Amino acid sequence: MAKPAEGPDVEGSRSSIIRKRRGDDATPNTKPILVMEEVYKYFRRDVPTLRNVNLTVERGEFVFVTGPSGSGKSTLLQLIYRQHSVDSGRILFSGRDISRLTDKSIPFLRRNLGIVFQDFKVVPHWTVFENVAIALEILSTPTRVLRGRVSEALERVGLAGRGNERTDALSGGEQQRVAIARAIVSEPALILADEPTGNLDPQLAIDILTLFEEIHESGTTVLFATHDHSLLQSAPHRLVVIDEGRVIEASHGLRAWSARNATVAETGS
Ligand code: ADP
Ligand code: MG
């Protein structure tokens with residue numbers, strides 16, 4: 001006799017989880033995914049690291065954030081995932097003010113974010129599967145749903161069938177793919193990538209950028225911080241520049257900014 005079909009049930013559980021993840025209401029959220037209003041961040045009393053930052057990111061955008069080393073790219077992203085809080089101004093995530101969330105509420109914010117770092121931050125002695133699954137385990141996803149979702153995420157990053165391998169046996173580029181799978185497996189609305197190609201060779205860097213572009217094409221908003229000019233030049237995305245703590249849209253003279261900095265970089269090397 002035929003066994004009871006499991007498929008529809010799994011699909012049912014899965015879509016209800018996706019519905020929950022994608023918002024509290026039935027109506028789609030049309031507010032910008034991110035609004036920064038007059039944001040200041042001080043690490044030193046006298047000089048703000050970020051000054052009067054006004055930035056709106058609409059749903060579905062791919063935005064490069066650039067600027068020289070030490071300009072505040074990581075700080076900008078850290079304010080969004082609440083590693084730090086703003087000293088003044090507001091940050092709205094999907095219309096909700098996250099700049100003054102209580103510590104208790106921060107995990108709820110992070111559930112809606114995928115974060116990818118330069119140094120991967122994978123657990124080396126865990127398997128690939130475990131490194132990705134952790135993102136769903138903390139959301140208490142049922143095991144049978146989790147297994148399918150992890151396989152799907154690994155397939156999306158080009159690591160299908162590699163789940164049982166120890167992560168430290170993988171190459172750097174592959175370890176970054178594991179980190180990206182971990183970031184996307186919970187289908188967050190926004191992915192924050194902080195110099196995700198910084199530890200990789202130029203060709204691998206392009207491959208990883210392409211992967212983020214594919215993730216973006218499937219509907220996820222991406223904020224990608226990099227100081228790598230060859231990457232910025234390889235892809236025509238919106239570009240914001242942090243210069244002396246201010247965030248400037250690329251449309252206001254990026255070419256001049258870029259040319260000036262490229263010359264400085266070449267002269268310096
Ligand atoms: P980027 O990512 O563009 O290289 P960062 O955001 O890391 O720049 O740093 C911007 C500035 O803020 C630097 O001058 C850095 O020293 C300072 N800064 C960043 N994080 C901290 C911190 N936790 N404590 C003190 N200063 C910090
Ligand atoms: Mg940085």
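A residue counts as near a molecule if its C-beta atom, placed from the backbone, lies within 6 Å of it. Keep that in mind as we tour this structure, which is a predicted model.

**Around the ligand**

By that rule, the residues around ligand 1 are Phe43, Thr49, Gly67, Ser69, Gly70, Ser71, Gly72, Lys73, Ser74 and Thr75. Which helix gives the largest share of this shell? It is helix 2 (residues 73–80), with three residues. Sorted by class, the shell around ligand 1 holds eight polar residues, one nonpolar and one charged.

Strands of a sheet pair through backbone hydrogen bonds, either parallel or antiparallel. Here six strands form an open sheet in the order 6-7-8-3-9-10, and the pairing is mixed. Strand 6 (113–117) and strand 10 (246–249) stand at the edges; each has a single partner strand, so one side of each is left without a neighbour in the sheet. From one strand to the next, the twist averages 20 degrees.

| Helix | Strands touched | Angle between directions |
|---|---|---|
| Helix 6 (residues 172–184) | strand 6 and strand 7 (190–194) | about 165 degrees with strand 6 |
| Helix 7 (residues 202–217) | strand 3 (62–66), strand 7 and strand 8 (221–225) | about 155 degrees with strand 8 |

One pair to find on screen is Asp243 with its bridge partner in strand 10, Arg246.

**A hairpin**

Strand 1 (residues 34–42) and strand 2 (residues 48–57) are also antiparallel, joined by six bridges. Together they form a hairpin, with five residues between the strands. Within this pairing, Met36 stands opposite Leu55 of strand 2.

**Two helices side by side**

Two packed helices are described by the angle between their axes and the distance between the axes. For helix 4 (residues 128–137) and helix 6, the angle is about 25 degrees and the axes are 7 Å apart. Angles under 35 degrees count as roughly parallel, and helix 4 and helix 6 are therefore roughly parallel to each other. Their crossing is right-handed.

Which residues make the contact? Helix 4 brings Val128, Asn131, Val132, Ile134 and Ala135, while helix 6 brings Val178, Ala181 and Arg182. By class, this contact of helix 4 with helix 6 has six nonpolar residues, one polar and one charged.

Conventions:
Residues numbered from 1 in each chain as written. Chains lettered and ligands numbered in written order. Predicted model: local features only at pLDDT ≥ 70, side-chain atom pairs only at ≥ 80, totals over all residues. Pairing = 2+ DSSP bridges. Helix = DSSP H or I, 4+ residues; strand = E, 2+ residues; numbered from the N terminus. Axes fitted to C-alpha atoms, helices over the stretch in contact; angles between N-to-C directions. Contact = placed C-beta atoms within 7 Å. Parallel < 35°, antiparallel > 145°, perpendicular 65-115°, else oblique. Left-handed = near helix turned anticlockwise from the far one by under 90°. Nonpolar A, V, L, I, M, F, W, Y, C, P; charged D, E, K, R; others polar.
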